Amino acid sequence: MADADSWSWFSALALGVSLLKCLFINAYHSTDFEVHRNWLAITHSLPVSRWYHENSSVWTLDYPPLFAWFQWSLSHVAQHFDSNMLRVENLDYVSPSAVLFQRLSVVFTDGVFIYGARECCRCVHEPKEQRDVLSRPSFVLAVLLLWNFGLLVVDHLHFQYNGFLFGFLLLSLAKHLQHRHLQGALLFSILLNLKHIYLYMAPAYGVYLLRSYCFTQDHRDGFVGWRSFSPLRLLTLGAIVTSVCALSFGPFVAMGQLPQVLSRLFPFKRGLCHAYWAPNFWSLYNVLDKILATLGVRLKLLKEADLPQASMTGGLVQEFHHSVLPSVTPSVTLVCTVLSILPALLLLWGTSRGPRAFLRVLLICSLGSFLFGWHVHEKAVLLAILPLSILAVQNREDAGTFLVLTTTGHYSLFPLLFTPAEFPIKVLLMLTFTIYSFTALRKLHSVQGRLVHPLEAAYLLGLIGVAITCEVAFPLSPWQQRLPFLPLLATSVYCSVGICHSFLRLYVSLLRPEEGPHQL
Amino acid sequence: MQTWSLVSICVLLGVVVRWGVSLNSYSGAGKPPMFGDYEAQRHWQEVTYNLPLQEWYFNTTDNDLMYWGLDYPPLTAYHSLICAYVAKSINPEWVELHRSRGYESPKHKLFMRATVLLADLIVFIPAVVLYCLYLTDGSSKKKVSTLFCFLLYPGLILIDYGHFQYNGVSLGFALWGVLALGLGWDALGSLAFCLALNYKQMELYHALPFFCYLLGKSFQLGLMGRGLFLLVRIASAVLGTFALCWLPFLSDPDHAMQVVRRIFPVARGLFEDKVANTWCSLNVLIKVRSILSSDSQIYLSLACTLLAAIPSCLRLLTKPTFWQFKLALANSSLAFFLFSYQVHEKSILLVALPVCLLLNDLPLVAIWFLHASTFSMMPLFLRDGLLVPYVVTSLAFLFFSIYLLSPLEHCSEDTLKLGAYRKLLFFLPKLDLACITRWKFYISVAAMAGLSFVTVALLPPPHLPDLFPLLVTSTAFLQFLGTFIYFNIVQFSETLSRKSQKKKKH
């Protein structure tokens, strides 16, 4: 694979998708566009000490300091496009050149993602006899990463910088796959200081690094060799992580603003679920609560007047009390999350099984916190989808999980784009990606039999029905006026089943003994 | 991977690109009083919906022909009528007589864009898919690559989804005609082509090759036997289609004549605006329009067009093979574009279609020409505010066509069919013609990129306000002329055509 020529397809894929992204410059963008424009303005025109205090816009800076610095550096390019967008008082400022700049900044910073994807593709084990480019695992992985539907939609239509951030994650994963743990740890700590949502993955990183890097030897039965502990390695790791954090948070600690920064980063004032319920466990829980309440009223067990009147998907981020089931507090979600990922972490600690097991545990961590976390956004499902692509091209079992998780996870992003003009784009891109991932993965694992169980296939086909009902039929029906949130609820509940199922599937594949030699 | 999945991915991507372009502005957006082609199409919906058919093509109190009067054949009018019915059911304001003039809203734009996409999905895209799968040769991967490049051709996408027109319909019908002829269904092919002609009169650019191919084929079959039978079948298909399309207008000969007068406006002058054809480029040196009377201009352009088109048509008549047919389509439409009367810059799309058919056979020249054709319409795109989609789609097409069809890797005199040039240039020292062609390609692409950049970035000198558009059209004209000569020579080079004929027999 060292031959530079044989990688020309990678640049073709990358260039193709970058050009496609540029076509969406004039498409719909969400309030996140204004969020990031405001952050550009804040970091550009205010001193550092004001960054986390400024609140003239509702969209206050709530990402960690390194991301603020990233915005600061972007703002220096932005001033050549339109300096008016860099003024804090210009709320909701939109001009053609501001749009052009912001969109292009996402496209160009995606370069990090492209580089990260390329490094991951290099780590993929290639069968020697494979001559057709289209059926090489690295090619399939490159498409699954670069052309990922969710990332395209969230970054280039909805507007965010996830590609840039995932680039760091993929790079870090690639470094771990190449056993360059220190570089991987450095990249991951940078990532954590860019966006703290990646804390979801931190337990897997911590356990894996401690187990596989700080302990140099295993017992013959695979358990940890306590004597082989290397304090030097632990110190190096610690030094890397703390120095990155010091660099990012240090100035704010020095200014005595740490509590203010932290209160911005972790706003527990928000509700259990986002305005649109992310398809997770709590969405099922809420629906169960609703059903029980309705049943209770019907069967005269409950009085309607006693029930708290709050529509859960009314569109407002608010605290919410369940009617029948016990209400959920942040600490409960934390306990549930920890419980859901603990077995995986123990397993990773107990037996040393290399980077592939690490990747699985990492996925379980991100999916576990997605399923049980407090105020989860639907976009967070990408945290599981993208790393799972790496496993999917290597292992049949993971490929099946990938297909279930990606298809449901991607479909659950549909409500993000609700404008009619973008409807064809989301449908077409989703179809493209789904058709590709199914046919390519099936071809890749064709020898070993089917990828998804017929029941799973039926469930996934059911998504088409849900899509037609929620996106086409329902808005035309008279219920649209009375129950506008019903499609969102149905989407969320239907998808959460699939995502819970893929979580369980991941656990099963983790518990199953590894077949064959390590390919990574 | 199976072919079906690759094909569907290509089609889906083609549609995504189309829809992505359609998010941008359109011609005459927010520019009263005349607006642009978008308003023209909307106005036709208004006229056809509200007025009786007898008034569509006449100047009446309710139908001001000076304001985007209907000047396309009946099928366009019927299409507008169907769209108008849908529009009426969504929002009656969109087609209200008189009061809807210049109506613009995001919802209406969405509706109009959707009508273009729907027409494309029904007519154009299936024809492209079938053509690439059944009438190109090579591995299935090669076919899919050709399909992808064909669907990605930026000129058509930008005009239909940016500027706003329904070229996909007329070109799609013409392509259905080519497809049917290629598969040997001659009567069906002529039916499809008649539909194209009745949608847009500019399809006449393709009429001569269709006629010559079918006539030549009948001659080959023997005019007394099966050939005559074929001719009769084709003639009845043509007459039947025409009769059906024109049925409502036939009751009154005057009425039909008025439609014809509307469709062929001879009073408009030799050329309008800046277009990359002979007359406009010649205008820099000789002001033909002021020297000759308008009648003699018509005769001059007619004579030149026929002179330019006839050689390739005669060749096709004597050798009615599919390969000759495709080349003749390109040659004849180029002859019309370069020499005929009242040519628009958008008419280059009529040439681009047959050249797209040659993407698989002559990749380098086809890509070169298609790129130049998009470039020739650049001033129009800039006026419509389509700079970003123009840059993006052109880059994508250039890159992917070169990457997928690899014309530069397999670039030899044989694949470029330069044998005839070698004979013509026998007096010159032995040169590597393939290498020269390749370099010419690089230089012209660089020139086009440079001119695009200059036009966007610099202001023209005050005493020469039209400098850049003129440079653009003359650069494009030179390339069109070169392609015209090249395609003619390829069509006449004996040995090569025989070789391809063997390959192309269906």
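A polar contact is a pair of N or O atoms within 3.5 Å, and within protein one of the two must be able to donate a hydrogen while the other accepts it. With that in hand, here's how the two chains meet. Bear in mind that this is a predicted model. Between chain A and chain B, six residue pairs are in polar contact, with both partners at pLDDT 80 or more. On chain A's side, the elements that give two or more residues are helix H1 (8-23) and helix H17 (423-444). H17(A) gives the most, with 11 residues.

As for how much gets covered up, about 2,600 Å² is buried between chain A and chain B, and carbon and sulfur atoms give 82% of that. A trio of leucines stands out here: A:Leu19, A:Leu23 and A:Leu428 supply 24% of the area that chain A buries against chain B, more than any other three residues. Counting residues, the contact takes 31 from chain A and 27 from chain B.

Charge shows up too, with a count of one salt bridge between the chains. Its partners are B:Lys141 and A:Asp132, whose side chains meet at 2.8 Å, N to O.

B:Ser190 is found in helix H8, which covers residues 186-199 of that chain. With a relative accessible area of 4%, B:Ser190 counts as buried, because that value falls under 20%. Leaving out residues up to four places away in sequence, B:Ser190 touches B:Leu181, B:Leu214, B:Ile234, B:Ala237 and B:Val238.

How values were computed
Residues numbered from 1 in each chain as written. Chains lettered and ligands numbered in written order. Predicted model: local features only at pLDDT ≥ 70, side-chain atom pairs only at ≥ 80, totals over all residues. Heavy atoms only, no water. Contact = heavy atoms within 4.5 Å. Buried area = accessible area lost by both parts, 1.4 Å probe. Salt bridge = Lys/Arg side-chain N within 4 Å of Asp/Glu carboxyl O. Polar contact = N/O pair within 3.5 Å; in protein donor to acceptor, adjacent residues only side chain to side chain. Helix = DSSP H or I, 4+ residues; strand = E, 2+ residues; numbered from the N terminus. Buried < 20%, exposed > 50% of the residue type's maximum accessible area, 1.4 Å probe, protein only.
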